[in-house]
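Student: Hello! Could you walk me through this structure, please?

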Amino acid sequence: MPIKHPNLKLSRLTDALPAWTGDISPDDLHEICRQVHDGGGRLVALWGSDARLQSGGFKLHLVLVNETGMVCLNVTLSAEQPMYPDISQIFPAANRMQRATYDLLGIYAQEGHDHRKWLRHGAWHSGSFPLRKDFDAAASRIPLPNPPPEGEGTTVPSPAETGDKDKFYEPDDYGFVRVEGQGVHEIPVGPVHSGIIEPGHFRFSIIGERVLRLEERLGYVHKGIEKRFESMSLQQGAKLAGRVSGDSTVAYAWAYAMAAESIAGVTPPKRALWLRALLLERERVANHLGDLGYLGNDVALSFGLSQFWILKEQVLRNNATVFGHRYLMDKIVPGGVTVNLDVEGKHIIERECDMLEQQVRLLRGIYDEHAGMQDRFIGTGRVEPKLAAQLGLCGLAGRASAQAWDARVQFACAPYDKLNVQMATYRNGDVAARVIVRFDELFESLRLQSEILAKLVNEEDTPLLLEKLPGNGFGIGMVEGWRGEVLVAIHTDAEGNLTRVHPHDPSWQNWPLLEHAVIDNIVPDFPLINKSFNLSYSGQDL
Amino acid sequence: MYQILKQIIKTGIKTETPPQTDEAMRHVEQRLQQEILDAFGGALAIRQVDAGSCNGCELEIHAVSNAYYNLEGLGIRFVASPRHADLLLVTGPVSRHMEIALKRTYDATPEPKLVVAIGDCACDGGIFGESYATCGKISNVIPVDVVVKGCPPTPSAILQGILTAISAKK
């Protein structure tokens with residue numbers, strides 16, 4: 001059992017992962033978090049739920065992990081004063097999650113020093129909370145200022161000026177931290193960016209070309225995903241989970257299925273698990289190929305972009321031929337998979353792995369030897385291992401800063417327990433390190449695919465269909481996606497319907513580190529540094 | 001340098017024939033005159049706007065630029081500002097937090113302009129629908145000329161949608 005505390009009784013979840021859950025009171029939260037932190041543990045996710053109908057109050061849920069397993073703590077909060085002690089002093093990554101939890105549910109961290117809104121921009125009233133069961137969507141809607149201003153887009157009269165505060169949508173009233181001093185100026189970027197990229201706002205404070213500070217403002221693609229889940233069946237929910245962040249659709253669908261299977265107490269057929277791993281590794285390969293191409297392009301080696309994207313296109317086409325979808329959406333469902341692999345499909349993947357192995361090795365040689373490219377990569381956008389550990393950097397970017405954590409290794413659930421995944425880590429924490437980790441993981445994924453194909457059980461499975469979940473259940477699933485650990489938690493009500501689903505993207509942990517990585521770099525290097533992290537907006541905006 | 005040149009020559013030309021236009025993708029009838037379409041057809045500038053997608057559609061819009069579909073080979077390119085654009089390629093659903101930004105982007109694009117909605121969510125709200133946080137389909141917020149369905153639509157379908165938008169009505 002990973003945590004010991006006199007007031008904490010943990011019970012083991014029937015989960016593919018070593019996972020426990022336990023209830024605590026808000027008074028014990030600090031002590032337990034401190035204990036986990038001092039033992040080298042991390043905060044993975046934090047969310048809240050409205051349990052006023054069942055237990056008369058709200059609940060705060062947080063998932064902590066250490067080397068021995070993961071624990072989901074449930075903190076009961078009163079209905080009238082739903083507050084809990086701020087834990088962002090212990091786990092800095094909690095800051096934005098706590099603020100988002102307030103925006104969506106109205107439960108708040110006491111004594112927290114940062115109470116700015118995070119996911120709510122002004123589309124709904126500050127006093128109404130979408131994830132409360134009694135939320136009235138129509139009544140809480142804040143309309144756009146009407147009529148919309150003609151021509152000059154930036155001169156919307158501020159609602160504060162017109163005396164209509166809280167009556168109209170106010171997009172820009174966010175308390176950015178200002179950097180002052182001689183020669184400092186600001187560059188506001190976004191939400192609509194100049195490339196083909198998701199929307200978000202970046203506020204740079206600079207002197208000359210040098211970045212003194214970057215502050216992110218996200219939440220632009222908040223689509224109400226968590227509220228949407230509550231009206232969905234288990235099967236519809238699987239589709240939605242696969243669209244939390246399109247580039248990680250396999251990881252989300254698997255994590256969702258794992259959480260559902262944990263509640264139902266079932267294990268999917270063996271062959272289905274092997275196929276899931278095959279799909280997950282193919283997703284990793286496709287994304288790493290795309291990123292390696294763009295990283296070349298961002299340092300003006302467009303040769304890299306065209307070469308890697310030819311390879312990526314071949315992987316996507318093979319996905320379409322063998323599995324019926326270029327990004328493998330909706331192929332993992334609770335209880336199993338909706339695809340099979342025949343002999344011909346196996347040959348296609350084998351040939352593809354051989355081709356990629358040879359081609360990527362050649363391209364890596366070119367990248368390594370290219371002086372101009374290495375000059376831009378090395379030392380750029382550095383996150384020191386110490387800072388990474390302090391702020392909880394995870395996933396691929398974490399491994400490039402010596403954070404040796406990979407859910408496929410630490411919590412190797414089937415079939416990874418038979419695959420002996422070799423984790424790729426590096427110490428330098430710069431763009432070059434994140435490129436190296438991508439190359440290493442790509443080769444490892446190719447090896448894993450070959451091994452999966454060799455070990456894939458041939459027996460015909462009896463498909464396991466999960467129609468509905470048991471009542472009052474709770475389950476978590478965690479999968480190491482290409483970007484990092486993707487977690488999905490499911491709560492069911494007395495009838496077994498989805499009453500709360502929380503998908504968590506590793507981007508929550510890693511976005512704040514991007515702010516640190518760009519300090520003292522020049523503005524033109526920002527696109528490169530940003531791409532080397534390649535974080536999800538949709539996954540964190542929900 | 002030698003390695004790069006050798007690899008380029010070995011790779012050869014991958015570009016495939018572009019797809020035919022498809023009238024079924026039109027949301028409204030072609031509004032633009034032949035002369036304008038001819039000018040657009042020669043060099044079309046596109047501004048892509050993600051108004052709230054899950055980023056799946058963005059992956060395929062990136063893919064349209066790869067060597068197989070070779071968007072730039074057709075005289076079409078992505079530009080960094082709506083003020084340089086002839087056509088907006090919009091993915092959605094439109095989140096309420098992007099509603100103003102999308103309208104401003106549309107207003108900043110000079111006339112004559114075209115809008116192509118990419119993906120199921122952009123066409124009808126998709127799996128996210130309309131809610132406290134989303135306005136649903138793109139045409140709920142700005143006028144749309146062509147819709148491309150799919151989750152996400154294939155690069156060929158996206159290319160087809162763009163070509164349909166700049167083609168005359170048959």
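Student: What percentage of the 542 residues in chain A do buried residues make up?

Tutor: Good place to start, and keep in mind that this is a predicted model. A residue is buried if 20 or more other C-beta atoms lie within 10 Å of its own. Among the 542 residues of chain A, the buried share is 52%.

Student: Why is chain A as compact as a globular protein of that length?

Tutor: Chain A has 18 helices and 15 strands. For 542 residues the globule rule gives 24 Å, and chain A is as compact as a globular protein of that length because its radius of gyration is close to that, at 23 Å.

Student: What share of the contacts in chain A with a separation of 6 or more comes from residues 24 or more positions apart?

Tutor: Two residues are in contact if their C-beta atoms lie within 7 Å. Of the chain A contacts with a separation of 6 or more, the share from residues 24 or more positions apart is 65%.

Student: Now the two chains together. Which element supplies the largest share of the side of chain B that touches chain A?

Tutor: In total, 46 residues of chain B are in contact with 48 residues of chain A. On the chain B side, at least two residues each come from helix H1 (2-11), strand S1 (44-50), helix H3 (56-63) and helix H4 (99-108). The largest share, 8 residues, comes from H4(B).

Notes
Residues numbered from 1 in each chain as written. Chains lettered and ligands numbered in written order. Predicted model: local features only at pLDDT ≥ 70, side-chain atom pairs only at ≥ 80, totals over all residues. Helix = DSSP H or I, 4+ residues; strand = E, 2+ residues; numbered from the N terminus. Rg over C-alpha atoms; globule rule 2.2 N^0.38 Å. Buried ≥ 20, exposed ≤ 12 C-beta atoms within 10 Å, placed from the backbone.
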